[in-house]
Amino acid sequence: MEHGVDLNQGKETPASAGHILQWSQWQLLDSILPTGGFAHSFGLEAAVQAYMVSKPEDLKTYVIHVLENTGSLLLPFVYAASKCPNMDTYTRLDKILDATLTNEVSKKASISQGSALLRIAAAVFVELPSLKKMRDTLLGSGTVSFHHAPVFGLICGLLGFDSETSQRAYMFITMRDTISAATRLNLVGPLGASVLQHQIAHIAEELLSKWMNRAVEEACQTAPLLDTVQGCHGYLFSRLFSS
């Protein structure tokens with residue numbers, strides 16, 4: 001074309017390849033990626049019905065506790081998977097996390113979100129053919145459950161995130177999804193949700209610094225009450241979220 005751009009002209013330079021990779025990295029964190037995360041409230045819906053969360057101060061405390069629990073329990077799996085993003089490491093981490101999660105509601109939510117994330121990532125990030133091959137092999141083996149935290153770390157590692165950014169990203173999407181659930185439960189409006197997210201960001205960074213780069217052997221629950229409340233989600237008479 002006379003005034004157009006020939007998309008096939010020339011070879012991709014390392015710099016442009018790196019720029020394209022950044023677009024993929026941002027897309028992984030974009031809420032438009034249909035991974036099913038917004039179907040889960042991280043136990044918030046059950047906490048509301050149990051009157052644990054009834055005012056803005058309660059909501060802020062709840063989100064912070066969710067982030068604390070995420071940092072202590074799940075960041076080690078994100079860290080390990082992002083540091084060594086291969087099938088053997090992922091399989092080992094998935095089995096350990098499956099044995100660690102004793103709450104059936106949170107376990108099902110983890111599997112649901114992890115399975116969706118890996119399926120979507122394999123279809124979207126075609127520049128990573130190893131991801132689709134890995135998923136096909138794991139599906140055929142029937143030996144893994146596809147838990148979310150190690151799947152997220154695996155994809156981050158393959159997309160070129162460093163381990164610290166991978167862990168910070170996991171904390172971010174956890175905060176984002178929890179506050180999004182609060183919005184849909186009418187606990188806070190869209191503007192208030194944005195303000196709350198900004199207010200909690202520095203606390204999330206402190207929690208990240210506290211819990212990042214830990215071995216999976218150190219994974220632990222720091223907010224057992226939240227885990228208990230989430231386990232009650234299946235007994236709710238009416239519910240908007242899956243967990």
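Q: What makes the largest nonpolar core a core, and which residues have the most contacts inside it?
A: The largest nonpolar core has 65 residues, and Leu28, Leu59, Leu67, Phe152, Ile155 and Tyr170 have the most contacts inside it. A nonpolar core is a set of buried Ala, Val, Leu, Ile, Met, Phe, Trp, Tyr and Cys residues joined through side-chain atoms within 4.5 Å. In soluble globular proteins, nonpolar side chains tend to be buried together.

Q: What kind of model is this, and how are residues numbered?
A: The model is predicted: local features need pLDDT of at least 70, side-chain atom pairs count only at pLDDT 80 or more, and totals for chains, interfaces and linings use all residues. Residues are numbered from 1 along each chain as its sequence is written, and side-chain values use heavy atoms, with hydrogens and water left out.

Q: Which residues is Tyr170 in contact with, leaving aside its neighbours within four places in sequence?
A: With those neighbours left aside, Tyr170 is in contact (heavy atoms within 4.5 Å) with Thr70, Leu74, Leu75, Val78, His148, Ala149 and Phe152.

Q: Why are α4 and α9 called oblique to each other?
A: The axes of α4 (residues 75-83) and α9 (residues 163-184) cross at roughly 140° and come within 9 Å. Angles under 35 degrees count as roughly parallel, over 145 as roughly antiparallel, 65 to 115 as roughly perpendicular and the rest as oblique. The pair α4 and α9 is therefore oblique.

Q: Which residues make the contact of α4 with α9?
A: From α4 come Leu75, Val78, Tyr79, Ser82 and Lys83, and from α9 come Ser163, Ser166, Gln167, Tyr170 and Met171. Five of the contact residues are nonpolar, four polar and one charged.

Q: What makes α5 oblique to α7?
A: The axes of α5 (residues 87-100) and α7 (residues 129-141) cross at roughly 45° and come within 11 Å. That angle makes α5 oblique to α7. Here Met87, Tyr90 and Thr91 of α5 meet Met134, Thr137 and Leu138 of α7.

Q: How much of the protein is buried?
A: Of its 243 residues, 47% count as buried.

Notes
Axes fitted to C-alpha atoms, helices over the stretch in contact; angles between N-to-C directions. Helix = DSSP H or I, 4+ residues; strand = E, 2+ residues; numbered from the N terminus. Nonpolar A, V, L, I, M, F, W, Y, C, P; charged D, E, K, R; others polar. Buried < 20%, exposed > 50% of the residue type's maximum accessible area, 1.4 Å probe, protein only.
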